[in-house]
Amino acid sequence: MEFILAKTAGFCWGVRLALNKTLEVEASQYQKVTTLGPLVHNPQVVDLLRHREIHNAGAIQEIDGGLAIIRSHGVSPADYAELERRSDAILDNTCPIVKRSQKVVQTYVKKGHFVVIYGEPRHAEVIGLIGFAGADNVRIIEGAHELDKIPADRNVLLITQTTTNVAEWQRIMKEARERFPSVVVKDTMCDATVERQDEILELCRSVDAMVVIGGKNSGTRRASRKSPPRNSASPRGTSKPKTNSRAWISRRTAGSASPRARARPRGASTASWRI
Ligand code: SF4
């Protein structure tokens, strides 16, 4: 049985930057060190940080003094102000690509635009962007089938969460430009997401089975699993090597006279050493 490891396997550069900056923190210098939400969607990394006395707060109300760490997804301006009140210092690990999206939203909201975001309503990055737009001035869509939600009587900015399904976003941009020519469309998709999904499309044509390794809450993992076309190897997601079901892989490849390779791509928050 041949295994192919995706060339883009390992952390994306934004997650690597956030993790490296966090690992440089000397926890003993602070009363406590807390990340607001898991630093990355990767339970093994969260465990590693816990061993270094860097804890994870499930809600902003749990932050009480010490160093507060913002993860790569970023936070809303209101949450940033709240963190300033609740902590002694802040380490802002917002990925520069997410910061770029926040800036785009800020710029167009100042010009009076209504904001439409293609993304997952409960994803931390989207929640942060909603904060930049203003709760009454934003709508989340989860696919091209929801383009009717674009208000026809407003100036509109359309963007995407950085880690959604690339093919669907391309469809949304094309349809929105045709149906609503006045809508300002900004392509805020992350290059790392595009590269991963391009590689999945390429790999799935030549393998019998594909496993996407990533935390259950990873937007990249979810989007990656949706990217292959019909009649190709549809990926199975897993977050741990022990659930990396050999049995499933064997079933997928059983009966094949000349089994092709099995591929292993992964989410943007998955370390190379877990693969
Ligand atoms: S996937 Fe892209 S936007 Fe998200 S952390 Fe990685 S580099 Fe940044």
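**View 1. Strands β8 and β9, side by side.** Strand β8 (residues 156-160) and β9 run parallel and are joined by two bridges. Strands here are DSSP runs of E with at least two residues, helices are runs of H or I with at least four, and both are numbered from the N terminus. Look for L157, which sits opposite V184 in β9. What you're looking at is a predicted model, where local features need pLDDT of at least 70, side-chain atom pairs count only at pLDDT 80 or more, and totals for chains, interfaces and linings use all residues. Residue numbers start from 1 along each chain as its sequence is written.

**View 2. The open sheet that holds β8 and β9.** Four strands line up here in the order β7-β6-β8-β9, with parallel pairing; two strands pair if DSSP finds at least two bridges between them. β7 and β9 (184-185) are at the edges with a single partner strand each, so one side of each has no neighbour in the sheet. Strand β6 (residues 114-118) and strand β7 (residues 138-141) run parallel, with four bridges joining them. Across that pair, V115 faces V138 in β7.

**View 3. From β6 to β7 by way of a helix.** β6, helix α5 (residues 124-133) and β7 build a right-handed β-α-β unit. Right-handed means that, with the strands pointing away from the viewer, the path from the first strand over the helix to the second runs clockwise.

**View 4. Helices α4 and α5 packed together.** The axes of α4 and α5 are 9 Å apart, and the helices pack at an angle of about 25°. Axes are lines fitted to C-alpha atoms, for helices over the stretch in contact, and angles run from 0 to 180 degrees between N-to-C directions. α4 and α5 are therefore roughly parallel to each other, a label for angles under 35 degrees.

**View 5. The other open sheet, β3-β2-β4-β5.** This one also has four strands, in the order β3-β2-β4-β5, and the pairing is parallel. β3 (54-57) and β5 (89-92) take the edges, each with a single partner strand, so one side of each is left without a neighbour in the sheet. On average, neighbouring strands of this sheet are turned by 30° against each other, direction ignored. Strand β2 (residues 33-36) runs parallel to β3, and four bridges join the two. T34 has H55 in β3 as its bridge partner.

**View 6. Around the ligand.** Of the 14 residues around the ligand, C12, G14, C95, I97 and C190 come nearest; a residue counts as near if its C-beta atom, placed from the backbone, lies within 6 Å. α1 (13-23), α4 (96-110) and α7 (191-204) are the elements giving two or more residues to this shell. The largest share, three residues, comes from α1.

Technical notes. Angles under 35 degrees count as roughly parallel, over 145 as roughly antiparallel, 65 to 115 as roughly perpendicular and the rest as oblique.
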